[in-house]
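Visitor: I would like to learn how to read a few features of a model like this one. Could we take them one at a time, beginning with a single side chain?

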Amino acid sequence: MTPDILLTTLNARYIHAAFGLRYLKANLHELEDRTEIIEFTLEQRPLDIAERLLAKQPKMIGMGVYIWNAELSLQTAALIKKIAPEVVLVLGGPEVSYEQDEQAICQLADYVLSGPAEGEFYALCRRVLLDESQAFPSPSLTLKDINMPYYLYNEADLAHRILYVEASRGCPFKCEFCLSALDKTAKPFELTRFLAEMEKLYQRGARHFKFVDRTFNLSTKVSLPIMQFFLDRMSEDMFLHFEVIPDRLPQALKDMIAQFPVGSLQFEVGVQTFNPEVQQIIQRKQDNAQTELNLAWLCQHSPAYIHTDLIFGLPGESLQSMANSFDKLVALAPDEIQLGILKRLRGMPMAAKTAEYALVYNPNPPYDILSTRDIDFETMQSLRRMARYWDLIANSGRFKTSLELVLAAAPFARFMRLSEWLHRTTGQTHKIGLKRLFDLMFDALQDEFGLEKTTVLECLRTDYQRVGMKGLPTCLRTDAPMNAKSAARSVANKRQRAHLN
């Protein structure tokens with residue numbers, strides 16, 4: 001059957017399933033059977049995407065637009081309207097929910113919907129396809145009126161993709177770098193109904209669940225029953241991801257977390273900065289002392305894998321301030337520290353501070369910060385490189401032992417030193433093979449940090465044996481042959497396995 005409505009987007013990778021598109025389809029009611037979801041990735045060409053979509057001869061195309069796919073979405077939309085101008089093109093997603101007059105892609109579209117759009121999209125489709133005269137857009141739906149989309153995850157999704165789920169929507173906090181600052185509060189889905197949907201997914205074989213809730217631990221009335229639900233069904237292949245508030249970890253939640261086996265939990269903890277003055281500028285309410293205590297407990301005493309976030313380039317943040325936050329977080333020893341670069345999200349409240357703090361953003365997606373009143377462009381580029389090398393070396397988990405030689409004192413300054421050495425030596429931040437990276441670390445630790453060859457070799461050998469890899473780096477070839485240990489585990493992803501071994 002030829003679909004009247006196509007829902008599409010470009011995912012960053014195949015493993016990411018388009019959660020928003022499934023919500024839209026699940027709430028089209030009698031039009032759901034006339035709707036098809038077709039997902040693409042950033043590796044596919046806009047011309048090929050347009051061809052495949054238009055071959056279905058749809059009457060409407062709904063396209064999800066995000067910061068990571070903005071440019072390719074623009075090219076795809078332009079092709080669709082050039083080839084088949086009669087097709088009604090509807091845009092949605094955070095990238096087009098604000099500042100629509102400034103965006104070329106919005107000018108191409110027949111309709112642009114803002115924010116959660118289950119109700120509005122259904123009303124629009126009825127108006128276009130059924131020639132109804134009802135008012136458009138319709139009021140936004142409350143959570144109790146929204147059909148949950150989990151039945152739309154097919155067998156391939158369950159087997160090969162991340163399954164996104166949400167127990168609540170919104171955020172009560174007002175951090176100005178985030179679009180969630182525009183929310184009034186966080187609202188939970190009805191718990192019994194939500195858990196019934198999770199049970200259906202579980203019975204179908206789902207074992208990896210990624211919660212997209214911004215504040216999963218906001219209320220233990222919600223978080224504890226959900227965690228108990230999964231704990232009661234725990235198996236070796238169960239894996240759960242939650243985003244948690246760093247300064248809220250009551251004893252009841254600690255007791256629950258402690259019952260989970262190693263490798264089954266991942267917490268994403270957004271710290272962003274420890275500087276109270278910067279926190280005040282961006283309207284971020286965070287108890288830093290409690291955050292440190294909670295992170296120390298999570299990192300030292302819980303079975304959870306801890307992924308933390310810092311943001312470089314926040315208004316009012318100096319290089320020394322960023323170094324202080326980084327050093328404090330390194331001392332707490334989370335499994336990962338994601339070093340993000342501030343991005344100008346369309347609609348974010350922080351845009352009002354652009355002139356005051358001389359915030360200069362890249363005009364092209366992902367609109368990352370280029371300089372601020374306190375950080376010049378050259379320094380920001382150094383920070384950008386540091387973030388990339390940190391991901392390759394530290395967050396990958398492949399250099400745990402040798403990295404300790406770098407972070408022994410003044411971690412920020414020393415890793416920045418390593419980062420600049422790597423850039424001078426290679427001129428690259430991408431496409432550096434693992435064996436070459438071992439050899440680069442071998443040279444850097446001796447040439448830049450003056451460490452003894454035997455010490456460096458011992459550390460790199462330990463790293464090599466722990467993570468396992470094909471082929472022997474040049475720096476280790478003079479030693480006796482070694483059997484690399486398998487890093488296989490039944491749960492968690494490759495990066496986590498590297499940390500857990």
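Guide: Let us begin with Trp390, which has a relative accessible area of 4% and is therefore buried, the cut-off for that word being under 20%. Please keep in mind throughout that this is a predicted model.

Visitor: With which residue does Trp390 form an aromatic pair, and how should I read such a pair?

Guide: In general, a pair of aromatic rings is described by the distance of the centres and the angle of the planes. A search of the whole structure finds 20 aromatic pairs. One of them joins Phe209 and Phe230, with ring centres 4.9 Å apart and planes at 55°, so this pair counts as tilted. Phe209 belongs to strand β9 (residues 208-211) and Phe230 to helix α8 (residues 220-231), so the pair ties together parts that lie 21 residues apart in sequence. Both Phe209 and Phe230 are buried. As for Trp390, its partner is Phe326, and that pair is edge-to-face, with 5.0 Å from centre to centre and 75° between the planes. Here too distant parts of the chain are linked, since Phe326 is in helix α12 (residues 319-332) and Trp390 in helix α13 (residues 377-395), 64 residues apart.

Visitor: Is Phe326 buried or exposed?

Guide: Phe326 has a relative accessible area of 0%, and is therefore buried.

Visitor: How should I read the side chains along a strand, and which residues of β1 point each way?

Guide: In a regular strand the side chains alternate between the two faces of the sheet. In β1, Ile5, Leu7, Thr9 and Asn11 point one way, while Leu6, Thr8 and Leu10 point the other way, and all are buried. Because seven of the seven residues of β1 (residues 5-11) are buried, the strand is largely enclosed by the rest of the structure.

Visitor: Which strands pair with β1?

Guide: Strand β2 (residues 35-41) pairs with β1 in the parallel sense over seven bridges, and within that pairing Leu7 stands opposite Ile37. Strand β3 (residues 60-64) also runs parallel to β1, to which it is joined by five bridges, and there Leu6 stands opposite Ile61. Together with helix α1 (residues 19-26), β1 and β2 make a right-handed β-α-β unit.

Visitor: Finally, which charged residue sits over the ring of Tyr14, and which lies over the face of Tyr23?

Guide: Over the ring of Tyr14 sits the charged end of Arg161, 4.6 Å from the ring's centre, whereas the face of Tyr23 has Arg169 lying over it, at 4.6 Å from the ring centre.

Terms used: Residues are numbered from 1 along each chain as its sequence is written. This is a predicted model: local features need pLDDT of at least 70, side-chain atom pairs count only at pLDDT 80 or more; totals for chains, interfaces and linings use all residues. Side-chain values use heavy atoms; hydrogens and water are left out. Buried means under 20% relative accessible area, exposed over 50%, partly exposed in between (1.4 Å probe, protein chains only). Helices (H or I, at least four residues) and strands (E, at least two) are DSSP runs, numbered from the N terminus. Two strands pair if DSSP finds at least two bridges between them. A crossover is right-handed if, with the strands pointing away from the viewer, the path from the first strand over the helix to the second runs clockwise. Rings of Phe, Tyr and Trp (its six-membered ring) pair if their centres lie within 6.5 Å; planes under 30 degrees apart count as stacked, over 60 as edge-to-face and the rest as tilted. A charge sits over a ring if NZ of Lys or CZ of Arg is within 6 Å of the ring centre and within 35 degrees of the ring normal.
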